[in-house]
Amino acid sequence: MVEHANIRVVHRGGSKINFRAPVVSSDSKFLLCASGNYVKVYSTATEECIHELRGHTDLVTGVLLKPSNHLQVYSCSADGSVRLWDFADGILIKSYFVGHPISAIYASAHHEGVVFIVFRDQRTELFQLVVLHLPQSAEQIVEGLELSAVLPDVSASPESIAFGRGGEYAASVKDVHLVVYFFKKSQMFSFSLKQDNKKGRKNTFTCVACHPKDDVISTGHEDGKIRLWRNFNHKKEYTYLTLHWHHNAVSSLCFTPEGTNLLSGGVESVLVQWKYGQETQRDFLPRLGAAITHISVSPDGALFCTSHADNKITIIESCVKVSAVIQGLVKGESVATDMMVDPRTKALVLNGKPGHLQFYSLQRDKLLFNLDIVQQEYIHELGLQQFEVVKAALDAAGERLATVEERKQKAAELELHLKLWTFDQQTQSFVLDTTISAPHEGGITAMCFCPAAPDHQTATLVSASKDGHFKAWQQTVPPTHMEDEGPTWSCDFVGSYHSLAPQCCCFSADGSLLAVGFQGVVTLWNPATWELLTTLSQPPGDIRNLCFGRLSCSKYLLGTTVKNLLCCWNLLTCSLEWSTSMDVSLLLSDPLSENMAAFCSLNGCTDLFVFKPCEPRPLFCQKAVCPGKVTRAVFSPRDAMQESCDESCQWLNRSQLYFLGQHMDLMTFITKAEEEQLMASNKQLAIDDTVAMTPFQLLLGQRRQGGEDDLDQSDRPDTAAREHLPQGSAAVKELLQTPAHVLPAATFLCSVFLQSLLISVTESSKPKHVEEEMESEKEEEDSEEEEMQTGAFGAKRSLMGASEAAAPAMTRAQVRELRRVKKLERGWLSGLLDS
């Protein structure tokens, strides 16, 4: 099978925003962070994403403000390039290609025309810090750059390198070694600690920061200690002061711009502020929600920013209060619940921060809200067993939600809770209705709602457990006279099959059938009477997934087995229709079509097959979609149906397929036509000539395209006025499209701008209306002289001429003369009549 080149796998939202430390602009109005292949620019006031700096073709690994220009920013990427941006306008200014994947970038105001980057040396397989010289070139793309080595062996983490006072030295930490390199003398000093301290805890360095005004280096360690190093320019006379508050590794250190405070953070979710020179005085900002991974400060010191392990950035006003929170898609080590789409908000629903479900907008790439399921404070401590959300299910209308939370006790006992929620229109959130403690004696393996209830007031939920039973939970609504009591849930039926443990269950699209997989047997039940209808035979192997066909393929039931088989049963004949050998890790159906998607694992990668159960030929196949296994995916309905003519793209017309990769990256499939449409929407729209002109447009003018239509409309007054506007030039367009801070001096632009506004008038190009005005003025003079000579006879002749000319259309000169006559003063006639 051949891959279809007109469909690509792309990142669509949900990328990490905590991968690198965020950067705050000099005026504290913007926050920039690396997010996948882009650099996102957020407003610190509204938390909204203003720009996405797009240009890198691989993961962005660093963002850095340009020291000499506070409106420009550098970014580096694994694609081997450094790019310079105007982040306020979202414009790419220049690209520097190094040719090696870059993992970090640094700069110093005292080192002009250069930046420092970290990349892996292909010969030694070690990361090294080098100087990248940026030439003053007029070209937008620069290659063949000059590199100079600084430190031959450094850590790939950006937190492990810092530049000291005035850019005089660079400090690097790796393992238990601290290396300081002085640029002027080209000297290097190395300091080492013991692997373990007296209490057996590791002294490994985790991060480093340099004081902006004093020769002081601060280092964080794996045992939670912070050391302040002094006199490190003399290897034998160095000293350090030890600070200790964190009980685990220090993840990030940062000095304020004036050097009055030192900020530190770790897994405790607490921002600690140490007073420089008075280290015994500390301020704390606790309960930030998740472990701190990065800390940064705005150049004016007004804002602190912390990145967190739950893909969140917190903006803090000088360690006093949290002013804004920018939350990305919360990513943990794994997703226990299935990926679902909320029918009401079209949001992606899955595990969020511990004990919560997150509702994430795929269209806006923004977290809508978190739903607290466990409703208990989460304690960040390793080895502590706490409640976790392991299962979740939404009904077809998004009115009801079922969740399962469990906690394993030390004695291998399982504490289990099943919670039923109902959407509240007033609060626009889910409200807890019923909590069922110990709904099963074993862990719950699958859970689903019946899609079609007899009426909208009741609902049915089925849960399968390792205890060998599946239970049907029925919602009961209290009588109308008992309005204070809400709906309750109770067990309506308990089913089993030969003491086998059910592994999966699902309802048909109309809710008339329930399929439950008991290890190697598929059973079909009638939800109305809970009668066992039949069992389906299949090749050996336990059932892994079950999925009913939809619409015209609703008579089929598909299942996957642990023996790497995909089976399709015909429900009308209760026989195996077809089967094929493939290791299907995930099988799901599109709710709006007959299409089904199967993710298959092969040679360490995952392939995708899209097919209809009634046809043996797949509609679409894509090899090596992502490395590893895909275990979570979902079809998200589109707001507007696409119209793809290509047969291989039609399965994406109604729904879009999202899946989670090996590293918790949210991926999707996009067609070539859709990609071109998105690119076209980003371009500036051209204004049609029929739109009314603004004064600014009249000043600069628009070049009118010549054509036959212009000749036909030349008699119109508005059209004639448009034809002779000042002609727009390339200089004017460049003046309007280029940011002001990168333009030349105003004295240089003034003459060019004024010349572009001038109109060159020649005898051949003289406007017609100017010639008509000159002729009319000449006729006026002649008529006045003739009137003086002929007297009354001349006046009589002019009146006769006027009456004869009334029939044909008057010329523009005649209209002008008539308007002048109407404005004459005629008051003297009344005096003559009175006399």
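A charge sits over a ring if NZ of Lys or CZ of Arg is within 6 Å of the ring centre and within 35 degrees of the ring normal. Select Tyr38 and Arg54: Arg54 lies over the face of Tyr38, 4.6 Å from the ring centre. Now go to Phe19, where Arg20 covers the ring face at 4.2 Å from its centre.

This is a predicted model, in which local features need pLDDT of at least 70, side-chain atom pairs count only at pLDDT 80 or more, and totals for chains, interfaces and linings use all residues. Residues are numbered from 1 along each chain as its sequence is written, and side-chain values use heavy atoms, leaving out hydrogens and water.

Next, the aromatic pairs (rings of Phe, Tyr and Trp, the last by its six-membered ring, with centres within 6.5 Å; planes under 30 degrees apart are stacked, over 60 edge-to-face, the rest tilted). The structure holds 33. Show Phe182 and Phe189: they pair edge-to-face, 5.8 Å between centres and 85° between planes.

Move to Phe470, Phe493, Tyr497, Phe518, Trp525 and Trp530, a cluster linked by ring pairs.

Finish at the largest nonpolar core, with 20 residues. Such a core is a set of buried Ala, Val, Leu, Ile, Met, Phe, Trp, Tyr and Cys residues joined through side-chain atoms within 4.5 Å. Leu588, Leu608 and Trp651 are among those with the most contacts inside it. Centre on Leu608: its contacts (heavy atoms within 4.5 Å) include Phe599, Phe620, Trp651, Leu657 and Phe669, not counting residues up to four places away in sequence.

Conventions. Buried means under 20% relative accessible area, exposed over 50%, partly exposed in between (1.4 Å probe, protein chains only).
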